[in-house]
Amino acid sequence: MADEELEAIRQQRMAELQARQGDSSGNQQNQQEAKQREADMRNSILAQVLDQSARARLSNLALVKPEKAKAVENYLIQMARFGQLGGKISETGLIEILEKVSQQTEKKTTVKFNRRRVMDSDEEDDE
């Protein structure tokens, strides 16, 4: 009797673990689908807003500086949503936008020297 109960408990536990595993993989799949839909939406908006040469420049920028390219993409999508763009942006227009974003995100580097005071040999002689 104990062996049958133990086997039933094992099977029940195995079924629970498999159900949890299925839920987590389904959840990951939903997240991947949501990311894919968002990326498709971003690409379609950028295709409507940028001409071919500007898209090529933006994709080259994404290879070198992905965070800056993401910031420019967000800026362009925001402008498109609010209707601030009058048509497709050319490569020169994209260069101007890149310069604006670079000025806004420019980090100022400062160097501060912290000089350590060294004990003079004269001070040791006074003691």
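Me: How do you know that the span of helix α4 (residues 91-104) agrees with its number of residues?
Reply: This is a predicted model, so the check runs on its predicted atoms. Helix α4 has 14 residues, and at 1.5 Å a residue they should span 20 Å. The end C-alpha atoms of α4 are 20 Å apart, so the two values agree.

Me: Which residues of α4 are buried, and what puts them on the same side?
Reply: Gly93, Leu94, Ile97, Leu98 and Val101 are the buried residues of α4. They cover an arc of only 140 degrees around the axis, so they sit on the same side of α4. On the other side, Thr92, Glu96 and Gln103 are exposed.

Me: What covers the buried residues of α4?
Reply: The cover includes α2 and α3.

Me: Which residues of α3 are buried, and why are they said to share a side?
Reply: The buried residues of α3 are Ala69, Val72, Glu73, Leu76, Ile77 and Met79. Their arc around the axis is only 160 degrees, which puts them on the same side of α3. The face turned away from that buried side carries the exposed residues Glu67 and Arg81.

Me: Why is arginine 81 called exposed?
Reply: Exposed means over 50% relative accessible area. Arginine 81 has 57% relative accessibility, so it counts as exposed. Arginine 81 lies in helix α3.

Me: What does arginine 81 contact, leaving aside neighbours within four places in sequence?
Reply: Arginine 81 is in contact with Met41 and Ile45, once those neighbours are left aside. Arginine 81 and isoleucine 45 are 36 residues apart along the chain, and their C-alpha atoms are separated by 9.1 Å.

Me: Is arginine 42 buried or exposed, and why?
Reply: Buried means under 20% relative accessible area. Arginine 42 has 13%, so it is buried. Its place is in helix α1 (residues 2-49). Not counting residues up to four places away in sequence, arginine 42 touches Lys70, Glu73, Asn74 and Ile77.

Me: Which residues of the largest nonpolar core touch the most other members?
Reply: That core has 16 residues, and those touching the most other members are Leu50, Leu58, Val72, Leu76, Ile89 and Leu94. Helices α1, α2, α3 and α4 each supply at least two residues of this core. Take leucine 58: its contacts are Leu46, Leu50, Ala69, Val72, Glu73 and Leu94, not counting residues up to four places away in sequence.

Me: How many helices and strands are in the chain?
Reply: The chain has five helices and zero strands. Buried residues make up 16% of its 127 residues. Among contacts with a separation of 6 or more, 68% come from residues 24 or more positions apart.

Me: Where is confidence lowest, and where is it highest?
Reply: The lowest is in helix α5 (residues 121-126), with a mean of 54. The highest is in helix α2 (residues 52-64), at 92. The chain averages a pLDDT of 82, and 87% of the residues score at least 70.

Notes
Residues are numbered from 1 along each chain as its sequence is written. This is a predicted model: local features need pLDDT of at least 70, side-chain atom pairs count only at pLDDT 80 or more; totals for chains, interfaces and linings use all residues. Side-chain values use heavy atoms; hydrogens and water are left out. pLDDT is the predictor's confidence in each residue, from 0 to 100. Helices (H or I, at least four residues) and strands (E, at least two) are DSSP runs, numbered from the N terminus. The expected span of a helix is 1.5 Å times one less than its number of residues. Buried means under 20% relative accessible area, exposed over 50%, partly exposed in between (1.4 Å probe, protein chains only). The arc is that of the directions from the helix axis to the C-beta atoms. Contact means heavy atoms within 4.5 Å. A nonpolar core is a set of buried Ala, Val, Leu, Ile, Met, Phe, Trp, Tyr and Cys residues joined through side-chain atoms within 4.5 Å.
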